Structures are given as C-alpha cells and as structure tokens.
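Morning, everyone. I have one model to walk through today. Please look at it on the screen as I talk.

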Amino acid sequence: MHLLIILSALTVAYWMRSQSTKIQGNWNERWQKTLFLFLFPPLLILMTDIALLCMGPQGKMGGLQTGCFGYFVALSTLAFIAISCIKLAVEGWQSIKSTRNCLPMNIAGQQVRILNTRALFAGQIGFWQPHLVLSEGLLQTLTPEQLETVFAHEQGHFYYRDTFWFFWLGWARFCTAWLPNTDALWQELLTLRELRADTYAASRVDPLLLAESLLLVASTPSVSSEICCAALGSSSTERLEQRIEALLEEPQPIPQSNFQLWQSFLLAFLPMITVIFHT
C-alpha cells in the first residue's frame, strides 16, 4: 500500500511537470503558473514521504497490509533531501565566506564588497542579509550614473529577498532534476526574478540607463554560481532580450502576493490525510 501511495504521488508530479510548456501571459500570470508548476511536485513528494514516515513500517491501510519496503523508500528519499539541503547550504556558506574576504568599501553611501577581477560583476551574495558585491572592472567601466542604476537593481533583489527564497527554490530544483522541464521552469523563474528587480529599479532610475548598464555587465562571463547569488548580469541571451524589451516598454506594476496561489499549495498536503486510515 505504501508503494501505491508513492507511485501515485510520482505519477501526479511527473504529469504536472510534463504539462509545463511555454508559459504565456503577463508578468503576474507567468510568475504564478511557473512557481506553482515548479514547486508543487517536490512539495507533494515531500509530504508523501513524511506521511509514510509517520505511518511506520508496519500496519494496515484500507484492509491491505503495509510492508517495510515503501517505508524505507520514503526514509531514503527524505535522507537524500536533507543531505541535498546541507550540501547546498555548505556551498552557499563558502560563497559568503569568500565574499567576506573581499575588500569592504563605501560607495555613494552603499556598503559594498570589492571583487578583485576585471570582469563586470554586480550581485547580492548571501542568505537573508546578503552582501552587495561589485567587481573592480565594474567600478572602472561604469559612470556614476550607471552605478546608480546598478545599486537600484540590486536593491530590488534585496527588497524581495531573492537570495534567500531562491536558495530554497534551488534546493527543490536539485532534488527534482529528474522530473521533466525542471531546468526550463528554473530558467523562467530566474528571468522573472530579474524582470522584477528591473521593474523595481526602473521606478527609481532612468530605464534606458539601466538597460545600458545591463548590456555592459551581460557582455562579460558570469563569475559566480547561482547558489545564494542574485546578479545583474544574464547568462541567457533570451533572458537578456526579454529584460531589455521590458525596460524599453511601459513598466508593469509588480502585484502583491496572491493568497489564492498559496491556497493551491494546500493540495500538496493531501497525503497527510492518509495517516488517519493507517492502523
């Protein structure tokens, strides 16, 4: 019976990810659909494993005997999920540790860390309270006005706590890399994250100047990983084109958190109801 529950959850998760084609709509619609399709399958699998762990290796359910095999499959999956979280947290901590070794400096009232490289880089690195990191090449290349747009963009990442929330989303991505369209949905979330930070910045600085700064920074290779990092540059040509087009158009307002979206995630907790029927 435990195996049947596991297979049911895996089937639903696989089917949902298989439906993830190119998502259309405005920013708000794309964000809600992408986040739901990306996050619901791993949450469903996680809650299924927790439910089986609560049931234990022995007992009956619906008149059928439950064996140990399904229980140990769930236990092994939860162990993998926990180890994956620890692995990513260690890698993130190493990034933060290396950032703290960078020279601190106050620029235009902003406390930043200076990265010793000629590449053009600007990014937030950390968890809840990230460090703003700029490269020496960026400071030497951009004008004070362009630097102001960079600060505005990075302030958008800080305002939405992108490094913190995308650490957990990255964890979900790592654990469900075997599901279809995982990378495509992840890239869409990264694009929407940057569009949101761009919109935040465009309400405070000249959008055209921001687009100019973006083109300069994106012209050099990335110098950091995506773990605990939200950077101005873009690793995708398509993502860069979308951001430039959005900056040239009339800015769209960023909606507040949609309560209905979060309500839909409650369906992922349905496997916990099966615990009641286990004896």
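I'll take the cores, then the salt bridges, then the cysteines and a surface patch.

Ground rules. This is a predicted model, where local features need pLDDT of at least 70, side-chain atom pairs count only at pLDDT 80 or more, and totals for chains, interfaces and linings use all residues. Residues are numbered from 1 along each chain as its sequence is written, and side-chain values use heavy atoms, with hydrogens and water left out.

Cores. By nonpolar core I mean a set of buried Ala, Val, Leu, Ile, Met, Phe, Trp, Tyr and Cys residues joined through side-chain atoms within 4.5 Å. Buried is under 20% relative accessible area, exposed is over 50%, and partly exposed lies in between, with a 1.4 Å probe and protein chains only. The largest core has 25 residues. Val 112, Leu 134, Leu 138, Val 150 and Phe 151 have the most contacts inside it. Where does this core come from? Strands β4 (110–115) and β6 (131–135) and helices α5 (144–159), α7 (182–202), α8 (207–218) and α9 (237–248) each supply at least two residues. Helices (H or I, at least four residues) and strands (E, at least two) are DSSP runs, numbered from the N terminus. Helix α8 gives the largest share, five residues.

Apart from that core lies another, of 24 residues, including Met 16, Leu 43, Leu 192 and Phe 265.

Now zoom in on Leu 138. Setting aside residues up to four places away in sequence, Leu 138 touches Ala 119, Leu 120, Phe 121, Ala 122, Leu 147, Val 150 and Val 217. Contact here is heavy atoms within 4.5 Å.

Salt bridges. The criterion is a side-chain nitrogen of Lys or Arg within 4 Å of a carboxyl oxygen of Asp or Glu. How many are there in the whole structure? Seven.

Start with Arg 196 and Asp 162. Their closest N and O atoms are 2.5 Å apart. Arg 196 sits in α7 and Asp 162 in α6, so the pair ties together parts 34 residues apart in sequence. Are these two buried or exposed? Asp 162 is buried, because its relative accessibility is 1%. Arg 196 also counts as buried, at 10%. Beyond four places in sequence, Asp 162 contacts Gly 156, His 157, Arg 193, Arg 196 and Ala 230.

Next, Asp 183 and Arg 173, with closest N and O atoms 3.4 Å apart. This pair also joins α7 to α6, across ten residues of sequence. Asp 183 is partly exposed at 43%, and Arg 173 is partly exposed at 26%.

Third, Asp 198 and Arg 243, at 2.8 Å between the closest N and O atoms. Asp 198 is in α7 and Arg 243 in α9, 45 residues apart. Asp 198 is buried at 3%. Arg 243 is buried at 0%. Through shared partners, salt bridges join Arg 193, Glu 194, Asp 198 and Arg 243 into one network.

Cysteines. The structure holds zero disulfides, a disulfide being a pair of cysteine sulfur atoms within 2.5 Å. For Cys 85, the nearest cysteine sulfur belongs to Cys 175, 8.1 Å away. Cys 85 is buried, at 17% relative accessibility.

Last, the surface. Leu 7, Leu 10, Tyr 14 and Trp 178 form a nonpolar patch with about 420 Å² of accessible area together. Patch residues have over 30% relative accessible area and no salt bridge; like charges are joined within 9 Å, nonpolar side chains (Val, Leu, Ile, Met, Phe, Trp, Tyr) within 5 Å. Areas come from the Shrake-Rupley method with a 1.4 Å probe; for residues, only the protein chains shown count as cover. Tyr 14 lies in α1 (residues 2–18) and is partly exposed at 45%.
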